[in-house]
Amino acid sequence: MIANKDRPDATDDVRHLTADELQAIEETYDPELRFRVLAWPLTIIAAAILFLLSCYHYYTAGFGIPQATVHRGLHLGVTLLVVFLSFSAFGKKEIRPGVTAPFGLPVADWILGIAGLLAALYVPWIYSDLAFRVGNPLPIDIVMGTILIVVLLEAVRRSMGWPLPVIAILFIAYAYFGKSMPGILVHPGASWSNIVNHLYLTSQGIYGTALGVIATYVFHFVLFGVMATRIGLGQLFIDVASALAGRYAGGPAKVSVVSSALLGSISGSSIANTVTTGALTIPAMIRIGYPRHFAAAVEAAASTGGQITPPVMGAVAFLMIEYLGLPLTTILTAALVPAFMHFFGVLVQVHLEARRLGLRGLSASELPNAWKVLKEGWLKVVPLIVLITVLLSGRTPFAAAFWSITTCVLVLVVQEIRDGGLAKGLRGTAHGVWEGFVLGARQSLSVTAAAALVGVVIGVVTLTGVGFKIAYMVTSVAQDWAASVHATLAYLPFEVMTVPTLTLLFTLMLTAVVCILMGCGIPTTANYIIMVAVAAPILGLLGVQQLVAHFFVFYYGVLADVTPPVAMAAYAGAGIAGANAFKAGNTAFRLSMGKALVPFVFAFQPALLLVTDGFTWPDFFLAFGGTVLGIVVLAAAVSNWLFAPLCWFERIALVFSAILLVAPDLTATIIGILLVAPIAARQLLGKGRNLST
């Protein structure tokens, strides 16, 4: 591995890691990829099940989905069976010696896998009688529901770790021990029979919207991402980014930002994106002089931004369709400007750091030719064009996935036949489809189990009404703080903020903290679903539009991937760079300040999302311009460089001006500009720096 050095000049041992080393790093920080090694017969069986699961979803995407409960139950049951084939109880990749293991698998795993399959299929099996069973469950219903809940807890623990199962257990305990809860949290409590009835037999629990979206939309786009990567679209993105951005100051870092934005548009994993692009960009950043921790942080911050980038948005776009009842085009339009702000913020800091360190860009000999890259690889872009075209045409997302996956297969056929002839090409295509379908289904295992378990959390929220109780508690605290601050500021000759504005500000801050804490160790989709149930109602009480509230909790949930102490994407980047992981995490959070600032801007000025109620272009341009300037100014303050090094009082002044600039108010924006102007003028006139890129 690379030595742990953070000096800018520590380039003596920079090297590209092998595929096995990269896989080891990815598995270390992403438990969803810690698949165990199975004995030969079971390897074939598991792969065949995964392939058939992908075939089933590919078919239903193109030719129609069965009744919702049947579809969800079948998807969940098969997933749980394969989870216990694929993930060991304690994260070991090999079967432990001495364990009784028919076909190479411990007996306990067989029992759990088959029990999960049967319990998940039980509800679709009794579907015709379900209307008579809800509210009056039979003993067998309670038994099967209990089995499914227990199996789900263990499946998610194996595939993702403890955070989500612990949260689910706490929510179940809250539902059961309601009479013992303190203060406003008290409720009548529910018997185990009532809890299982609500979580298992109704659409408010395990078989609810979360599992439905995964089975109907997310699986298809995970499969598309795998197939698109298999035909070389990911590498094409990296080559195009290198050709476009590599020649500028600090070139490899800018390549990292651009390529991660492109790759993130089809990828649903911050860690996978970090490892994929970081394997090339992180060594290059270190080689030209960036500190190791900074190189790791750039890749992590950029890769995490892929979660908020249209058209996939880490699959959350499709969850928003279900929760908000809005067209996908509306969701994607709303996501454009905030995503731009995030990548713009990272690029500005990367550029300022390069200027501060005096780093070069890459030479022409080190870069691919953009025209040549596009000429040779244009065919690889066709599936993405098909995907976007079908989505924008108003067709269903799963129809778009069907046609884009089909196009990937056709491109694969053309590539294989072109490279190896007809017979060899057809064999290569069959092999590629087999591997792509198996890998696509495998990558959906943990997110399916997590979505089903999140259904338990959502079920408890709807059963007990705890979401509105939490909302009331948070807004009450925010109102008390707002009243205290307003009373303190009353001595000023002018009013800075009204009590309602301060209340919203403090509520947003508290909500942001909750979202980041809940996002620690929980995937983007699962975190978003929980936050919609628990945190979004908090903002709704203060009149924040639903779309705005959903985007706010989504952005701060994603931010957890680069927020220590559980900044998994940053830690994966640090593993590649050989850097201090905690230092990389802190730097990645700093680089992601655009993602942290922008949600506050659109919470106060929804026009930044383009499609909200009351939208006007003057409001949009004021918010957009102020945010762009604010991000640049704040980046200069934290980087200690604008056009030259900054004095300490200039950095403080720039921080205050950045806050004023991002406030969607014309007066505040003008004051912010007036604060920045003399600092910029002093640097330009006094230092005479070369401002060329």
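Contact, as I use the word in these notes, means heavy atoms within 4.5 Å.

**Ground rules.** I am working from a predicted model, where local features need pLDDT of at least 70 and side-chain atom pairs count only at pLDDT 80 or more, while totals for chains, interfaces and linings use all residues. Residues are numbered from 1 along each chain as its sequence is written, and side-chain values use heavy atoms, with hydrogens and water left out.

**Phe87.** I started with what Phe87 touches. Not counting residues up to four places away in sequence, Phe87 touches Pro31, Glu32, Arg34, Phe35, Arg36, Arg158, Ser159 and Leu445. Phe87 lies in the loop between α3 (68–86) and α4 (107–125); helices here are DSSP runs (H or I, at least four residues; strands are E, at least two), numbered from the N terminus. Is Phe87 buried or exposed? It is buried, because its relative accessible area is 1%. My cut-offs are under 20% for buried, over 50% for exposed and in between for partly exposed, with a 1.4 Å probe and protein chains only. I also checked Phe87 against Leu387, 300 residues apart along the chain: their C-alpha atoms are separated by 32 Å.

**Phe35.** Phe35, one of the residues that Phe87 touches, has the charged end of Arg442 over its ring, 5.2 Å from the centre. To count, NZ of Lys or CZ of Arg must be within 6 Å of the ring centre and within 35 degrees of the ring normal.

**α6 and α7.** Next I looked up how α6 (residues 139–160) and α7 (residues 163–176) pack. Their axes are 8 Å apart, at an angle of about 150°. Axes are lines fitted to C-alpha atoms, for helices over the stretch in contact, and angles run from 0 to 180 degrees between N-to-C directions. The two helices are therefore roughly antiparallel to each other; that label takes angles over 145 degrees, against under 35 for roughly parallel, 65 to 115 for roughly perpendicular and the rest for oblique. From α6, Ile149, Leu153, Val156 and Arg157 meet Leu164, Pro165, Ala168, Ile169 and Ile172 of α7. By class, I get eight nonpolar, no polar and one charged residues in this contact. Nonpolar covers Ala, Val, Leu, Ile, Met, Phe, Trp, Tyr, Cys and Pro; charged covers Asp, Glu, Lys and Arg; the others, Gly among them, are polar.

**Aromatics.** How many aromatic pairs does the structure hold? I find 35. One of them, Phe615 with Trp617, is edge-to-face, at 5.0 Å centre to centre and 80° between the planes. Rings of Phe, Tyr and Trp (its six-membered ring) pair if their centres lie within 6.5 Å, with planes under 30 degrees apart stacked, over 60 edge-to-face and the rest tilted. Phe615 counts as partly exposed at 24% relative accessibility, and so does Trp617 at 48%. I also noted one aromatic cluster, formed by Phe51, Tyr58, Tyr59, Phe63, Phe402, Trp403, Trp434 and Phe437.

**Thr503.** Thr503 is in α21 (residues 499–518) and is buried, at 5% relative accessible area. Leaving aside neighbours within four places in sequence, Thr503 contacts Thr475, Ala478, Gln479, Ala482 and Leu542.

**Backbone notes.** The peptide bond from Pro310 to Pro311 is cis, with omega near 10°, and Pro311 is in the loop between α13 (292–305) and α14 (316–324). Leu610 is not a glycine, yet its phi is positive, near 75°; I place Leu610 in the loop between α27 (593–604) and α28 (617–639). Asn640 also has a positive phi, about 60°, and lies in the loop between α28 and α29 (648–662). With 25% relative accessible area, Asn640 is partly exposed.
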